[in-house]
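Hi,

Here is the structure for your files. Please open it alongside this note; my findings follow below.

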Amino acid sequence: SISFAKMVDVAGYGLFFGLFFGRLGCVAAGCCYGALCDAEHALAIQFPTGSTPYNAHFDEHYVALSDQWRGGDKRSLPIYPTQLISSTYAFAIFTFLYYYLRPRKRFDGQILLTGAILYGVCRFAIEFFRADHRGGALGLATSQLVSIPILLGAGYVLVRGLSKAKERAARDAEVLAAPSEPEPEAAEEE
């Protein structure tokens, strides 16, 4: 029987590897798009006419889009490639978890907890560069509001798990360092 914590660790690798491909799908679909940026920005991307970002720009930035059309460019206005950034950090998290943390894991569940913290931080940050409106409160996007309790909860459980693993390692070291009791000598045969 495999423990639940061990199973979620194995699933954690696939989760972040899957997010890598999922966010590439967002690029293809034009969803989860970024905010406007300078056309000269090294990462600026544009989407074709009729795409979700283009339609949003048509509704919200008609004058700028019209000026661009008159210049011969019939794509969306330049935006941050939040989907590609999200895909990249999902792959970076997968790579870190699988190739670095997995061989150094100290307790079952550590992989998924560490991944949740890394993803929560990245997701919280990327939301400042997104422009697709999905609601929120307190000046934060819904994903940022969801990230906060995940970060706090995963952080608490991770610190607790690492602390228990350290205590366990100290107990094991004591047992190994304790002098062994001499074996009783067998009665001498005469």
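Predicted model: local features only at pLDDT ≥ 70, side-chain atom pairs only at ≥ 80, totals over all residues.

Two helices each supply at least two residues of the nonpolar patch: α1, residues 4-29, and α4, residues 82-101. Helix α1 gives the largest share, three residues. The reasoning is simple: partly exposed covers the range between the buried limit, under 20%, and the exposed limit, over 50%.

Next, the charged surface. R160, K164, R168 and R171 gather there in a patch of positive charge. R160 belongs to helix α6, which spans residues 142-177. How accessible is R160? Its relative accessibility is 44%, so R160 is also classed as partly exposed.

Last, a backbone point. Which residue has a positive phi although it is not a glycine? That is C32, with a phi of about 55 degrees. For context, most residues other than glycine have a negative phi. C32 lies in the loop between α1 and α2, the latter being residues 52-60. Is C32 buried or exposed? C32 is buried, because its relative accessible area is 15%, and buried means under 20%.

Best wishes

Conventions: Residues numbered from 1 in each chain as written. Heavy atoms only, no water. Patch = residues over 30% accessible without salt bridge, like charges linked within 9 Å, V, L, I, M, F, W, Y side chains within 5 Å. Areas by Shrake-Rupley, 256 points an atom, 1.4 Å probe, with all protein chains shown as cover. Salt bridge = Lys/Arg side-chain N within 4 Å of Asp/Glu carboxyl O. Lys, Arg positive; Asp, Glu negative; His and termini not counted. Charge placed at Lys NZ, Arg CZ, Asp CG, Glu CD. Helix = DSSP H or I, 4+ residues; strand = E, 2+ residues; numbered from the N terminus. Buried < 20%, exposed > 50% of the residue type's maximum accessible area, 1.4 Å probe, protein only.
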